[in-house]
Amino acid sequence: MSRYRTAIIACGNIARVHARAWQNVPGRPVEIGAIADTHPEALREFGDFFGVPESKRYTDYREMLDRERPDFVDVCSWHGQHAEMVIAAAARRPKAIICQKPMALSLGEAERMMIACERNGVKLLVAYQRPHHAVWLKARELIREGIIGKIVHIMVSDGTLLNTNSHNIRLALFLAGEPRVEWVMGAVERTTEVMERGFPAEDRTLGLAGLEGGATLLIQGGFRSPYRTGQGARVVGTEGLMELGVARPPDDQLRSDGAMWQPEGSSAKYNDEWGWARYLNATSGGWKEIEAPWHDCWVHQCQEAIDWVEGRISDPISSAAKAYAVQEVMMALYESARKRQRIDLPLKTRVNPLQLMIEQGDLKVEWPGAYELRARIVRGEGMTWDEVQG
């Protein structure tokens with residue numbers, strides 16, 4: 001019999017990934033005790049697939065939390081609801097909360113989430129799952145052993161800052177040994193009215209961050225990547241190079257979501273993903289692949305949450321403190337673009353500087369007309385996330 005129960009808030013694609021991970025922790029110590037979603041079809045499909053009794057399905061997540069009093073809470077909603085839902089969950093005092101990335105929309109929201117959890121004795125994790133990839137864990141170990149010497153520069157390149165590139169910033173700090181970020185300098189381009197999950201996003205970003213110890217982190221967003229990363233990084237050391245990325249099985253080899261609505265394809269592409277890494281140094285004889293037995297990185301993250309609750313670890317990879325560091329870098333990049341200067345950390349601005357620039361008319365678009373990057377995954381007649389919510 002399971003020792004713990006988790007309650008999942010929002011039953012979309014990523015919630016399936018969380019549920020599958022809990023169900024595959026060895027010994028199944030955590031059961032899916034209850035679920036909540038405002039969309040009745042999503043609630044039904046998810047509940048049927050994962051075997052959640054109808055009596056444990058709620059359309060009001062606060063009612064679910066009050067009635068069920070779960071040990072764990074998974075916040076699987078979109079960015080704009082993370083702060084509200086984590087703070088509400090923390091007030092009910094579960095043992096731990098796992099919140100989807102990015103942590104929040106602003107540094108102020110992230111700060112309030114951490115305060116709410118601290119004052120209620122709740123452990124908070126943020127689901128930057130990819131550092132839990134087996135090969136990436138091995139890569140960090142090799143870096144610590146000096147296989148490429150001392151890190152001097154890390155380069156990452158992907159899409160929007162809050163979404164895909166937030167993963168890469170988290171990876172860079174993970175590989176570098178969680179250094180303090182001392183300063184950030186950045187630029188933002190927003191020539192269209194692009195939205196990401198109902199919140200203003202950018203067309204391109206370019207940033208440079210200075211890490212304690214002297215290394216720098218280059219962040220590119222919206223550009224064609226000049227190196228083999230996407231989700232991953234290129235690390236330059238004094239004695240060599242390392243590259244990291246991800247790969248997935250072909251679509252026809254992924255596990256099925258059954259009858260659940262899946263416009264993005266099988267949610268298992270995230271569970272079945274693997275990380276790859278290779279390094280080059282004076283003795284490697286060319287690029288050398290790093291190998292480690294595969295495991296589901298989400299399962300590894302869930303096990304970490306359990307180990308933290310049970311006192312076996314004290315500094316988890318996915319702690320909110322580490323996610324807060326990512327949030328600060330992203331907001332400082334926006335703030336640097338707003339103030340047109342280097343930003344020294346800690347960042348004092350608590351609102352989202354990109355939103356502030358837009359509201360103040362500092363980022364006037366050239367091609368008007370709002371459009372939602374994630375419109376294809378909005379249910380029903382709504383073509384924007386705002387319409388669905390409101």
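**Surface, fold and pocket**

Author: This is a predicted model. The chain exposes about 16,500 Å², and carbon and sulfur atoms supply 49% of that area.

Reader: What share of the residues is buried?

Author: Buried residues account for 59% of the 390 in the chain.

Reader: And how many helices and strands are there?

Author: There are 12 helices and 18 strands.

Reader: What about the radius of gyration against a compact globule?

Author: The chain has 21 Å, and a compact globule with 390 residues would have a value near 21 Å, so the two agree. Along the principal axes, the C-alpha atoms fill a box of roughly 60 × 50 × 45 Å.

Reader: Changing topic: what volume does the largest pocket have?

Author: Its volume is about 1,100 Å³. The lining is made of 49 residues, with Gly12, Asn13, Cys76, Ser77 and Trp78 nearest the centre.

Reader: Which elements give two or more residues to that lining?

Author: Those are helices H1 (13-23), H4 (82-91), H7 (161-175), H8 (268-271) and H12 (385-389).

Reader: How does the lining split by class?

Author: It has 19 nonpolar, 18 polar and 12 charged residues.

Reader: Now Arg170. Where is that, and is it buried or exposed?

Author: Arg170 is in helix H7. Its relative accessible area is 1%, and buried means under 20%, so Arg170 counts as buried.

Reader: What is Arg170 in contact with, leaving aside neighbours within four places in sequence?

Author: Arg170 then contacts Tyr128, Pro131, Glu178, Ile317, Lys322 and Val326.

Terms used. Residues are numbered from 1 along each chain as its sequence is written. This is a predicted model: local features need pLDDT of at least 70, side-chain atom pairs count only at pLDDT 80 or more; totals for chains, interfaces and linings use all residues. Side-chain values use heavy atoms; hydrogens and water are left out. On a 1 Å grid over the protein atoms alone, a cavity is a set of points where a 1.4 Å probe fits but cannot get out, and a pocket is an open set with protein on both sides within 12 Å along at least five of seven lines; lining residues have an atom within 4 Å of a point. Grid points are joined across faces, edges and corners, and a volume is the space filled by probe spheres set on the points. Helices (H or I, at least four residues) and strands (E, at least two) are DSSP runs, numbered from the N terminus. Ala, Val, Leu, Ile, Met, Phe, Trp, Tyr, Cys and Pro count as nonpolar, Asp, Glu, Lys and Arg as charged, and the others, Gly among them, as polar. Buried means under 20% relative accessible area, exposed over 50%, partly exposed in between (1.4 Å probe, protein chains only). Contact means heavy atoms within 4.5 Å. The radius of gyration is taken over C-alpha atoms; the globule rule is 2.2 Å times the number of residues to the power 0.38. Accessible areas come from the Shrake-Rupley method with a 1.4 Å probe; for residues, only the protein chains shown count as cover.
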